[in-house]
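Dear colleague,

Please find below the structure that I am handing over to you. My findings follow directly after it.

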Amino acid sequence: MRRRLAFFGSPAWAVPVLEALAREHDVALVVTQPDRPKGRGLKTTESPVAEAARRLGLEVAKPRRLRKDPEIARRLRALDLDAAVVAAYGQIIPEALLEIPRYGFLNIHPSLLPKYRGAAPVNWALIRGEPETGVSIMRLDAGMDTGPVFVQERTPIGADETAAELSERLRDRGVELLLDVLAHLEERQPEPQRGEPSYAPLLTKEDGRIRWEEPAGRVYDRHRGVQPWPGSWFEHQGRRVKVLELRPAEGRGAPGEVLAVGPEGVRVATGEGAVLLVTVQPEGKRPMPAADWARGHGVAPGVRLGGG
């Protein structure tokens, strides 16, 4: 059954969700974040979802603040919506809007709710070393990811999977689950969340700082979890060095101590074991092999690298 929908989303991650909905249903309105300055020239640019919506011939709205925009509520009421779908929109949906569509607002949340409620569930699942995660299709309520869940699916986290890769994989499976829920809205009733909640706040630059005192496995987990932003980094001689490629390695020493510099990279001791820095990007420079950076900055075995 084709549904009459509104879609709320903004970044590139949300575009495949919109495209799938537009193939299967009648997307009457796409709501996205306002245009913003972007790039070195600070040229005003539409969100990726806005660009996709125009390509698909869909109507677009860009309210600055949902809570303070009575026009968006009027437009949604006039559309006689079956449901609205939210995928990384970037604003909290006011309670007054949640009741407008016949079946409410549905959301793809890339975690096993109530675990990792909040803005960065995939990142924190990796940083905290979770062996598995999942995706939930939920109905929004007035709380922060506290609404009832239609369906959940679990999945192991790959040993080398980054946040960007895992996020896309969960999204793609979430789209399939979402389409199934939309097809059976009349007979599907969401269930209240069960279990102990945990939270996944927005990442900060500090979350990317390498904690050399942690075991190598935890350093690697954090590295995977902070991709692509803010990325892993440490400081040396007062300058920040971003680590683009890192992997666990053998070795023992004081946390942050350089153990070896060779063609494969720079081996650095952690609280337990070691990691190999393969590719780095010094502040204001282009990416380079970690060994080249080390030789150019006098980094040799015995040197201690700072965390920040």
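Helix α1 (residues 15-24) packs against helix α6 (residues 163-183) at an angle of about 30 degrees, and their axes lie 10 Å apart. Axes here are lines fitted to C-alpha atoms, for helices over the stretch in contact, and angles run from 0 to 180 degrees between N-to-C directions. The two helices, α1 and α6, are therefore roughly parallel to each other (angles under 35 degrees count as such). The residues P16, V17, A20, L21 and E24 of α1 meet R171, V175, L178, L179 and L182 of α6, where contact means heavy atoms within 4.5 Å. Of the residues in this contact of α1 with α6, eight are nonpolar, none is polar and two are charged.

The model is predicted: local features need pLDDT of at least 70 and side-chain atom pairs count only at pLDDT 80 or more, while totals for chains, interfaces and linings use all residues. Residues are numbered from 1 along each chain as its sequence is written, and side-chain values use heavy atoms, with hydrogens and water left out.

Strand β8 (residues 132-139) is mostly covered, with six of its eight residues buried (under 20% relative accessible area, with a 1.4 Å probe and protein chains only). Strand β7 (residues 105-109) runs antiparallel to β8 and is joined to it by four bridges; H109 has S136 in β8 as its bridge partner. Seven bridges join β8 to strand β9 (residues 149-156), again antiparallel.

Finally, V219 belongs to helix α7 (residues 216-225). V219 is buried, its relative accessible area being 5%.

Conventions. Parallel < 35°, antiparallel > 145°, perpendicular 65-115°, else oblique. Nonpolar A, V, L, I, M, F, W, Y, C, P; charged D, E, K, R; others polar. Buried < 20%, exposed > 50% of the residue type's maximum accessible area, 1.4 Å probe, protein only. Pairing = 2+ DSSP bridges.
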